[in-house]
Number of protein chains: 2
Amino acid sequence: MDSRSRTVTRIPVNAPTLADVAERAGVSRQTVSNAVNNPDLLRSDTLLRVQRAIGELGYVPNRAARNLRTRASHLVGLRMSPVLEGVATTVMDRFVHSLVWTSREAGYHVLLFSGEGPDPLEGYDDLLRSTAVDAFVVTDTYLGNPQAVWLRERRAPFVAFGRPWDDVEARHPWVDVDGAAGTELATRHLLDRGHTKVAWIGWRKDSRIGEDRRSGWSRAMHERGLSTTGLASRVEDSLGSGRDASAHLLDEAQPSAFVCASDTLAMGVLHTLADRGLHPGRDVAVVGFDDSQVAQLVHPGLTSVRQPLEEVAIAVVRSLEDLLATPSQVADGLLLSPTLVVRGTA
Amino acid sequence: MDSRSRTVTRIPVNAPTLADVAERAGVSRQTVSNAVNNPDLLRSDTLLRVQRAIGELGYVPNRAARNLRTRASHLVGLRMSPVLEGVATTVMDRFVHSLVWTSREAGYHVLLFSGEGPDPLEGYDDLLRSTAVDAFVVTDTYLGNPQAVWLRERRAPFVAFGRPWDDVEARHPWVDVDGAAGTELATRHLLDRGHTKVAWIGWRKDSRIGEDRRSGWSRAMHERGLSTTGLASRVEDSLGSGRDASAHLLDEAQPSAFVCASDTLAMGVLHTLADRGLHPGRDVAVVGFDDSQVAQLVHPGLTSVRQPLEEVAIAVVRSLEDLLATPSQVADGLLLSPTLVVRGTA
DNA sequence: ACCCGGACTTGGATCGATCCAGAGGAACCG
DNA sequence: CGGTTCCTCTGGATCGATCCAAGTCCGGGT
């Protein structure tokens with residue numbers, strides 16, 4: 001069962017070690033180590049000599065040895081949540097890209113791992129205890145997700161992309177995007193263009209993110225003295241749900257515009273419009289959320305709220321650095337504002 | 001004796017080591033090591049005793065130490081190519097997911113890193129030489145991409161997702177999807193439904209992948225004795241290009257169906273159809289390639305060629321295991337067949 | 001002439017697991 | 001009964017870099 005193969009593949013060329021460099025430069029190992037990690041400690045001519053030796057030999061420090069000694073791996077773990085086919089994964093994709101990019105500049109690499117089976121916690125433990133990663137980036141801190149609590153209990157260093165919605169005791173650093181501000185932006189945009197009956201299609205009530213986004217819509221509506229009664233629908237995040245919900249809303253309340261909690265739902269609205277021969281953007285306005293691939297490619301372009309994932313990644317990495325530098329630091333949260341990408345549907 | 005300093009300032013909780021387990025179980029370190037890596041070597045009662053000690057202490061082997069000794073990291077490196085906004089990244093996303101999942105079962109984790117700047121090779125070198133990864137998975141082996149050649153020269157273990165198109169000397173393992181078979185499938189599907197003028201919109205001639213996919217279309221056409229003259233267009237992979245190319249083709253050759261080298265191009269065709277008040281699937285058929293998010297969500301559903309990325313990932317990992325087990329093995333290539341996902345547009 | 005502190009450098013110990021060579025028994029064999 | 005083999009298990013050495021405590025060198029102060 002657990003008989004993993006112990007076969008070892010050697011790197012064909014024997015990599016030079018610190019000692020090799022030291023010998024060549026005529027200094028001690030420690031001096032070479034300092035030349036790499038604390039150049040300020042060396043006299044300039046010694047530094048130059050060592051650096052030349054390093055260059056000539058093509059020396060690169062051995063990670064495993066360094067990791068062992070320093071008890072750090074310079075890796076951050078990121079769990080890939082199971083793919084839900086049909087649900088927009090673009091967000092994660094963009095975020096991962098940004099994260100990898102930003103991490104590199106901070107001297108970190110990203111280690112991907114997958115949750116195995118039903119228990120989302122499995123996998124974290126081994127990686128942490130085996131010192132495979134220094135910290136985690138946690139992405140789905142939705143209601144009831146035990147990851148944050150669990151990680152806190154284990155004193156595992158982590159930064160969350162997503163607010164600790166209902167965990168009052170949470171003291172961990174997090175970065176999130178102000179979803180309500182996004183939908184408010186979207187709704188105002190529609191109201192400014194003359195719409196008065198703007199409908200909402202969002203997620204089920206137990207989704208904190210969904211309720212947050214909904215609140216932006218409702219705030220914008222009430223701000224202008226408009227009623228939201230009968231204009232909201234809460235469904236699952238799927239194409240079919242969006243389609244059905246929009247059909248129902250059109251029949252019952254005749255809204256002239258839709259704001260949706262996701263691009264997937266917005267696409268559902270577009271289906272309904274197509275079914276009825278209505279033109280998105282001309283007859284009925286539609287706004288999605290996430291600025292996914294689909295939003296960019298569909299005709300005539302889906303107006304959508306775009307999360308500043310690049311900035312999120314930067315903030316996450318910064319938090320990570322702070323966290324690892326001073327473990328007992330006071331945790332901080334950061335809320336970033338999304339933008340509205342206007343296209344043909346609104 | 002084992003006089004480990006109790007005044008550790010770094011990490012409050014000292015993870016138990018092999019020696020701790022050994023002491024508790026009343027055996028030597030080596031025996032514990034064997035219990036973990038080669039259970040067969042132990043007498044069953046000893047094994048049980050050690051396993052109990054492991055469980056009681058919650059022992060997890062330290063990766064860094066193991067990596068140092070065995071000169072292996074059990075990590076595979078995957079380079080994230082720069083994001084091209086607007087181009088379907090769904091393929092990579094799905095592939096990465098599958099790869100992470102499959103790797104886990106093989107005892108590997110995936111290390112993401114990013115190409116920095118213009119040189120796609122930078123990054124590989126450091127990771128390899130610093131023994132940060134055991135091997136690489138290379139994803140874009142398109143024409144002129146020097147990665148494969150470079151990696152071969154360095155004798156870096158790697159498996160490619162993608163054929164070594166024009167590198168006759170290539171001896172590395174690879175896995176690829178038969179794009180021509182996919183477009184052939186798509187074209188036949190259209191021909192079977194009565195279409196005779198099936199147009200092609202693909203990539204520029206210097207793209208080997210593009211030419212391969214094109215060949216599937218042309219093969220299927222000629223097979224039925226149909227001419228392809230004036231029915232093909234080669235453009236950049238963008239929405240606008242697809243839109244323009246399809247408009248031009250409709251004007252010049254009046255095709256009743258389009259087969260495209262990508263979903264992005266296919267979406268361009270849908271734009272043209274929308275511009276002209278034509279209904280996809282009813283007036284003009286359209287088939288894309290990659291079965292991206294967009295294909296699934298757009299109205300009325302874009303028929304598309306789907307790559308078996310899960311199988312690709314499995315094959316890649318298998319190759320990786322073989323490669324690392326027997327470095328001098330004869331390289332093999334594997335070509336998998338895509339499928340056609342039929343939706344509303346065809 | 002002697003001590004002092006700062007700048008710079010050094011060798012030994014160490015991180016934790018695995019490799020290696022060999023020891024101790026029990027079983028087997030002539 | 002001694003010798004051989006197989007099965008288990010052991011302790012020292014090792015991987016390569018960093019931590020640590022201490023050493024050398026040097027100019028300045030008394």
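**Conventions.** I am working on a predicted model, in which local features need pLDDT of at least 70 and side-chain atom pairs count only at pLDDT 80 or more, while totals for chains, interfaces and linings use all residues. Residues are numbered from 1 along each chain as its sequence is written, and chains are lettered from A and ligands numbered from 1 in the order in which they are written.

**Chain A overall.** I took helices (H or I, at least four residues) and strands (E, at least two) as DSSP runs, numbered from the N terminus. Chain A has 13 helices and twelve strands. Its radius of gyration is 26 Å, well over the 20 Å of the globule rule for 346 residues, so chain A is more spread out than a compact globule. That radius is taken over C-alpha atoms, and the rule is 2.2 Å times the number of residues to the power 0.38. The C-alpha trace of chain A spans about 85 × 45 × 40 Å along its principal axes.

I call a residue buried if 20 or more other C-beta atoms lie within 10 Å of its own, exposed if 12 or fewer, and partly exposed in between, with C-beta atoms placed from the backbone. Of the 346 residues in chain A, 47% are buried. Two residues are in contact if their C-beta atoms, placed from the backbone, lie within 7 Å. Among contacts in chain A between residues at least 6 apart in sequence, 68% join residues at least 24 apart.

**Helix H8 of chain A.** I checked the length of H8(A), residues 179–192: its 14 residues should span 20 Å at 1.5 Å a residue, and the end C-alpha atoms are 20 Å apart, which agrees. The expected span is 1.5 Å times one less than the number of residues. Buried residues of H8(A) include A:Gly179, A:Glu184, A:His189 and A:Leu190. A:Gly194, which follows H8(A), has a positive phi near 100 degrees.

**Interface of chains A and B.** I found 57 residues of chain A in contact with 60 residues of chain B. Elements giving two or more residues to the chain A side include helix H4 (63–70), helix H5 (90–105) and strand S2 (109–114). H5(A) gives the largest share, seven residues. By class, this side has 26 nonpolar, 20 polar and eleven charged residues. Ala, Val, Leu, Ile, Met, Phe, Trp, Tyr, Cys and Pro count as nonpolar, Asp, Glu, Lys and Arg as charged, and the others, Gly among them, as polar.

Strands pair if DSSP finds at least two bridges between them. S2(A) and S2(B) pair in the antiparallel sense over three bridges, and A:Val110 has B:Leu112 as its bridge partner.

**Strand S5 of chain B.** I looked at S5(B), residues 174–177, and found both faces covered: B:Trp174 and B:Asp176 on one side and B:Val175 and B:Val177 on the other are all buried. S5(B) runs parallel to S4(B), residues 158–161, with two bridges, and parallel to S11(B), residues 333–336, with four bridges. B:Val177 has B:Leu336 as its partner in S11(B).

**B:Asp237.** This residue lies in the loop between strand S7 (232–235) and helix H10 (239–253) of chain B. I noted B:Asp237 as buried, with 22 other C-beta atoms within 10 Å.
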